[in-house]
Every structure is written in structure tokens, then in C-alpha cells.
Amino acid sequence: MKAAKMTISTMDEVRGATALPGSGLRFAKSAAYGLLPVVAILIFWEITTRLEIFPPIIFPPISAVASSLYDMTVSGTLLVDVAGTFRRLTISVVFGSVIGVGLGAAMGYFGVVEKIVAPSLSFLLSIPGTAFFPLTMMWFGLNETAILVILVYEVVLTTALSTWSGVKMIDPTILNAGRSLGASGFSLFYRVLVPAALPSIITGFRLAFARAWRILIVAEMLVSLGNGLGYRLYWAREMFLSSQLYAGLFVVGLVGLLIERAFLRPLEVMTVQRWGTLRELD
Amino acid sequence: MAELHVQNVSKAYRSRRMFGSNSTVIFDDLNVTLKDASFVSVIGPSGCGKSTLLNMAAGLEPITGGDILVGESRVRGPGLDRGIVFQQYALFPWLNVIDNVAFGLKSLGKSKEERYGIARRYLRMTGLAEHETYFPAHLSGGMRQRVGICRALAIDPEVLLLDEPFGALDAFTRETMQNALEEICAKARKTVMFITHDIREAVFLSDRVIVLGRAPGGVVMDLPIDLDRPRNRHDREFAEYEAILEKEIRNQMPL
């Protein structure tokens, strides 16, 4: 009973933070606080450019950054870059999480698989995905495959780890309930095991997105693909177009934030509300 | 409907130690028979193995020796001929009320219309008809356990196994649930094994109460309750049954 009550109160907090009537004002207030440092930096920036403290190549005027952003948007290069990056991210996260969730669930459910895979997984986890770049470049050349392989690798590791621990944390009576109601073998796997571990899987999914995002931006700088946000940043540096460099950074932040807030976070809140548990909500 | 036979069952837990192994005997030649459509409570001090007995009958716990039979067929694992109600409800949090109840019917290969039709019938019977789209996290303890009972009954099992189903509920809800369960059982006419540590609950619901002794004690008392239904918890005779059982259980308690 105690646990149930706690669940309800934490759930209310979740709702309070997302959909309480009258939360508009609160949101506006917190947004105002959050914008404070942004405004401060912009003012500082404007002053330094006006006083010409730094050469314009280091700090171009904000108006120049804004007009670069506008030009990139109108000419369509920005859309191509965002689309390219987003496509690589989606492909690798989808492929990687299918493999990762399957592997992690098998590890959590079958002791043998766990014994075989866990030590190798621990070892691989201590090698950052980016460390494999020279290798994949050698294998596949300076192309998209070299990037995707590394992203998939990182996503597999991340989702496998969270699914594995998610399956291990499942209350055994839930599995017993499933068995006693006729689920066994593969049907137990997809009707009980995976949905029961879903909150952990979603958390892993979110983490995988964040990691893949970071790696991808760097990877696009190393391999000249002709499009992509990382490619655009590096290209802007090589062309000494610092206003485009700043505009590109702004877009990287904006797209990353949008993926997180408009897609991943609602996905997590949805599962949290249904499962009635609060897990790693920041 | 069918009888449930527990024949010469023994059960020992083996725990590996650093040097050699240790085994704890829970049952040694246990024999219990539940007659067709009878309601039998199993009661005893904690550690007497009453939940182990239920899990063995459910096929969730292997037996060391002997046989458990549902009708003619031997229990080899979990099966749809036995419906189980768990103490902690064990509802599937990702499914709403009606899908929880219909879960086992899907295993039976019934169509969606059939599944929902049957599930709705049980939900109406337990007063949950208006809550079919709720998720377990949004239900009270009593409502959750009613869903648990509906889920076990929906597959139309031969035997219903309940493992301290009302143990986590408050006293008022518990009495309401006991009344509801008696009504349901009168309608459904199932063979029921009911594990409890509540003497009153056992006397109120059961045709027979079995007392298990401290492991490996087995059955130390098998008491038929000859009271008309529905029973009055404040009857003199009701109190006498309670007194008999309480005395026997006290005898089994460690000092």
C-alpha cells in the first residue's frame, strides 16, 4: 500500500510538471530565468563587436550570424544538412536498438547468454565508439558506412545494457502471471518480458539518441559527405566563414533539444504515466 | 471443474554452501485432496510452506517427489486449467483493465470479440464494468485484486488458486472482497485452494480449512466448516470454529 501511495504522489508530480492548468504562467517564468544568461551573452557579444575588441573572424556581429542563418535556410542547404544528419541518426538508432533490445533481453532472460556475452560487453563498453573510427575508415573507406557502423555499435551497447538491467529488474511474479496465463517461450518474450522492461528500454533509447547525436556530429567532420550539420561546421571553418560556424552551432543545439523535448521526453512521460513508476526523469 | 489431488508430495530446497550442500525439507509425504467445486483454505504459521504448496499446484515450483493431479492430468508446469490470483496482484501495468482480464483468453486463441465479451462478463460480475479502460496504476488495491480475480476466472480454469489475495488490503476492503469472492464462487462453482493467514477469512469462506504445521509438519488439522452460507462473522458457532483453529495454529507456532 505504501508503495502504491508513493507511486500516485510521484505521478501527480509528473502531471503537475507537464499539464497542470495554469502552468502557462509558470512555464513563462521558468523560461524567463533560463533566457537570462542567453540575453547576457548576446549583450556582451554585441558590445565586444561594436568596440572591435576581437577581430570579426572570432566574434562576427550577431546580425551577420543571423543573416547567415537566414541565407542557409532560404538557399536550402540547412534543410539538406539537417535532413542528412537526422537520416543517419534515425537509421542507426532504429537498427541499433532492434539488435540491442534483442540482445539485452536475451541476456536478462537466459543465464547462459548473460554468462557468454556480459564480459565482452563490459570490455567493449570501456572503448568509446569514436576510438573505432580509424578502423572503420580503413575497412569501409571515407564514407557513410564508416559512420553508421560506429553509431550502430554505440546504440547496440547502450540499449543492450539498459534492456539487460530492465529485464533483470522485472518482478518475477509478473513473469509467473504471464506463464500461468498461457504465455511461454517467444510469446512470453514479446507479450510480457519486453513490455515489462519497456520503461528501462525507453530510458536506454533516450541515452542512445544522445550518445549517437554527439558522435555523429564529430563523425561528419572526419568524413566529407557533402552534407550534415557536423560537415557544415567543419566546412565553415575551412572557408573562414565564422558567421556560418556560429549559425551551425546554434542549429545543432536547437535540433538536439527538439529531438529530446518533442520526441524522447514525451515518450518517456507516456510510459511513466502508464507504468506508474518514475525512472530517471530529470 | 475437477478435483485437485496432492499425492505423497515431498519438497526440499537445496542450498549450496561453501562446503557441501544443505537441504531444507518443507514437505515430506504430503497428501491433500480438494473435492470438486469445494472451497478449501490452507492456513498455518509463516514458514509452514503454504505458499510453496500453492506454487507447486500452480506448476511454478518443481516438486521433489510425488504427484499433483488436476482431474486426471498431472501438473508438469503452469497451465490454463488453473487460474492463479497473486498476493501482490501481479497485474500487467502496460495493459488496461480489460486487456489484463483478456490476456489468458488470447493464449486460448479466442477472437477479439470473444475475448472482450468474456472479459466484460467478469468485470460486470465484480462491479468493474465502468473501469475497463483504466490502467492498474490508477486503481485502488481492492479494485486491482478484483481485476486479478477476473483475470484468473476468465480462462474458465478447473481449479482456482489464490495466494493470500487480500493480505495487502485494509480491514474494511478485505471484508468487502471476501463477500465478493463468496458471491463469485457461488456463481462460478470452481474448486478453490485459498492460502491465507487470516483465521476469520478462512472460516467465512471455506468448506474445509486445512492447517499446516511447522515444516515438515504437513497437514495437522483438516476441519470441515458446517455453517450455512452466507455466514455471519458474529455467530457463536462461527466464533467456535475460529477458536479451534486459533488453538491449533498457536500449537504450531515457535515459542
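Analyst: Contact means that heavy atoms lie within 4.5 Å of each other. In this predicted model, helix 1 of chain B lies across strand 1 (4–16), strand 2 and strand 4 of chain B, and runs at about 110 degrees to strand 1 of chain B.

User: What makes strand 2 and strand 5 of chain B edge strands?

Analyst: The open sheet to which they belong has four strands in the order 2-1-4-5 (chain B), with antiparallel pairing. Strand 2 (21–34) and strand 5 (73–74) of chain B each have a single partner strand, so one side of each has no neighbour in the sheet.

User: Which strands form the open sheet of six strands in chain B, and in what order?

Analyst: The order is 6-7-8-3-9-10 (chain B), and the pairing is mixed. Strand 6 (82–85) and strand 10 of chain B are the edge strands, as each pairs on one side only. On average, neighbouring strands of this sheet are turned by 15 degrees against each other, direction ignored. Helix 1 (residues 50–58) of chain B packs on this sheet and touches strand 3, strand 6, strand 7, strand 8 and strand 9 of chain B. The direction of helix 1 makes about 145 degrees with that of strand 7 of chain B.

User: Why is strand 9 of chain B described as largely enclosed?

Analyst: A residue is buried when its relative accessible area is under 20%. Five of the five residues of strand 9 (residues 208–212) of chain B are buried, so the strand is largely enclosed by the rest of the structure. Both faces are covered: B:Arg208, B:Ile210 and B:Leu212 are buried on one side, and B:Val209 and B:Val211 on the other.

User: Why does B:Glu132 count as buried?

Analyst: B:Glu132 has a relative accessibility of 17%, and the limit is under 20%; B:Glu132 therefore counts as buried. B:Glu132 lies in the loop between helix 3 (112–125) and helix 4 (141–154) of chain B. Beyond its neighbours within four places in sequence, B:Glu132 is in contact with B:Asn96, B:Val97, B:Ile98, B:Arg120 and B:Leu123.

User: How do you know that A:Thr271 is buried?

Analyst: A:Thr271 has a relative accessible area of 6%, and buried means under 20%; the term therefore applies to A:Thr271. A:Thr271 is found in helix 12 of chain A. The C-alpha atoms of A:Thr271 and A:Pro199 are separated by 6.3 Å, although the two residues are 72 residues apart along the chain.

User: How many helices and strands does chain A have?

Analyst: Chain A comes to 12 helices and zero strands. Of its 282 residues, buried residues make up 40%.

User: What residue classes make up the lining of the second largest pocket?

Analyst: This lining has 11 nonpolar, no polar and no charged residues. Among them are A:Val38, A:Trp45, A:Ile62 and A:Phe250. The pocket has a volume of about 340 Å³.

User: How is the lining of the largest cavity divided by class?

Analyst: It divides into one nonpolar, three polar and four charged residues. The lining residues include B:Glu164, B:Phe166, B:Arg174 and B:His197. The volume of the largest cavity is about 40 Å³.

Key
Residues numbered from 1 in each chain as written. Chains lettered and ligands numbered in written order. Predicted model: local features only at pLDDT ≥ 70, side-chain atom pairs only at ≥ 80, totals over all residues. Heavy atoms only, no water. 1 Å grid on protein atoms, 1.4 Å probe; cavity = no way out; pocket = protein on both sides within 12 Å on 5 of 7 lines; lining within 4 Å. Points joined across faces, edges and corners; volume = space filled by probe spheres on them. Nonpolar A, V, L, I, M, F, W, Y, C, P; charged D, E, K, R; others polar. Buried < 20%, exposed > 50% of the residue type's maximum accessible area, 1.4 Å probe, protein only. Helix = DSSP H or I, 4+ residues; strand = E, 2+ residues; numbered from the N terminus. Pairing = 2+ DSSP bridges. Axes fitted to C-alpha atoms, helices over the stretch in contact; angles between N-to-C directions.
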